[in-house]
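Reader: I am new to reading protein models. Can we walk through one together, a piece at a time?

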Amino acid sequence: METRSTGQRATPYERWIHEQGIPVIEGYGVTDLQQQPLDHWKNLGSRAAFVHLKGMEGITGMYATEVPPGGETRTEKHLYEKVVYIIKGKGTTQFFGPGEGVNSCDWQAGSLFAVPLNAPHKFINTGNEPVFFLSVTTAPLVFDLFHNEKFVRNCDFQFTDRYAGEPDYFSKDAAVEKGLWEVNVVHDAPSALDRLRRRDNGDRPDEGQGTGHGRGYNIIQVEPCANSLITHLADWPVGRYAKAHHHGGGAVLLILRSEGYTLMWPNELGTQPFAQGKGERVVKVDWKVGSVFSPPTGWFHQHFNTGKEPALQLAFRNGSRLYPFGVRRAATREGVFKPVDEGGTQIEYDREDPEIRRMFEAALAANGLKTDMR
């Protein structure tokens, strides 16, 4: 079998997703996940679709699921990590074991949580509208290593060092340190950064040139369930955009607030692709709440907020500080916060292509806004 996107022989994971009888959505990004076609997935007992973007590169997997009012998924377990974001609806996830124990985690639109590794679980819709949620996994790594579905999805080993059925597992307080939030459930991810800032006396970092991804660009890393697959929340103000940078593939970016676009281009095009006459090779992904995209390995990418409220982005990726993942370390060793001319992979504002700023100001003007860039 050949993959549709590359023409190369399919990996075990790619063969598996194409054998499941549900849509496989491909490309650089998806503007509106809820408008994509779904079909009944026997394994899950619900309507679903795989999202297989170019930048995921066999590191992360993703699928969207819809559960009708009063419905539930089939109970499943698997040897890959899974992080879930609830886009619409409310309900609960039940976890079975170890032994006869049953635990549960209630959620609503905006909830973010992980499923403990290989823990049997099912999703139940307790509301009056369909539930729609996104799951990001490490399934490609596991399927490509073992290429045996029965082993991956039916192994009985219990990872009690990660989850032993503790009654407070999904309710205990988060452990918070600078830039890191160790917590198994975030009940309202869209408000999490604001709540943390209020807790810290309302301080809002205002990053200057040469630090971080831009002035006012704030990040908190969220690490659930002793995973290597973690998330981070990033927000930035109206009228601003982030500095272009590149790193390894596998990161999945979901927009939680505002609207705008992201530019992506291979780093071999240089730091000024438009000025070099290569602008036709720059990929533009328009986004709004519910959009998802994934920058490929070594591609510069740059996020632009053209909406009337601060942008908020949820990133799913490897790169845990608590449980470091070797592949991610190698992919980021050049330094995503270090300028290109100092050996890093970030383009400072005063080194970027002049067309970047012109495009942004025109997009803002179309929305009746002005730039807040220095």
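Author: Start with the buried residues of α6, which are Ile356, Arg357, Phe360 and Leu364. Keep in mind that this is a predicted model.

Reader: Around the axis of α6, how wide an arc do they cover?

Author: Take the buried set again: Ile356, Arg357, Phe360 and Leu364. They sit on the same side of α6, because the arc they cover around the axis is only 90 degrees.

Reader: Which exposed residues does the face turned away from the buried side of α6 carry?

Author: Exposed means over 50% relative accessible area. On the face of α6 turned away from its buried side, the exposed residues are Ala365 and Ala366.

Reader: What do the buried residues of α6 pack against?

Author: Buried means under 20% relative accessible area. In α6 that group includes Phe360. The buried residues of α6 pack against β18 (260–266) and β21 (299–305).

Reader: How far does α6 reach from its first C-alpha to its last?

Author: Helix α6 covers residues 354–366, which is 13 residues. At 1.5 Å a residue, 18 Å is expected. The reach in the model is close to that, at 19 Å.

Reader: At the start of α6, which residue's backbone nitrogen does a side-chain oxygen of Asp353 reach?

Author: The oxygen belongs to the side chain of Asp353. It comes to within 3.0 Å of a backbone nitrogen, that of Glu355.

Reader: And just after α6, which residue takes a positive phi?

Author: Look just past the end of α6. The phi there is about 75 degrees, and the residue is Gly368.

Reader: What is the bridge partner of Met264 in β19?

Author: β18 and β19 run antiparallel, joined by 5 bridges. In β19, the partner of Met264 is Val283.

Key: Residues are numbered from 1 along each chain as its sequence is written. This is a predicted model: local features need pLDDT of at least 70, side-chain atom pairs count only at pLDDT 80 or more; totals for chains, interfaces and linings use all residues. Side-chain values use heavy atoms; hydrogens and water are left out. Helices (H or I, at least four residues) and strands (E, at least two) are DSSP runs, numbered from the N terminus. The expected span of a helix is 1.5 Å times one less than its number of residues. Buried means under 20% relative accessible area, exposed over 50%, partly exposed in between (1.4 Å probe, protein chains only). The arc is that of the directions from the helix axis to the C-beta atoms. Contact means heavy atoms within 4.5 Å. A polar contact is a pair of N or O atoms within 3.5 Å; within protein, one must be able to donate a hydrogen and the other to accept it, and residues adjacent in sequence count only if both atoms are side-chain atoms. Two strands pair if DSSP finds at least two bridges between them.
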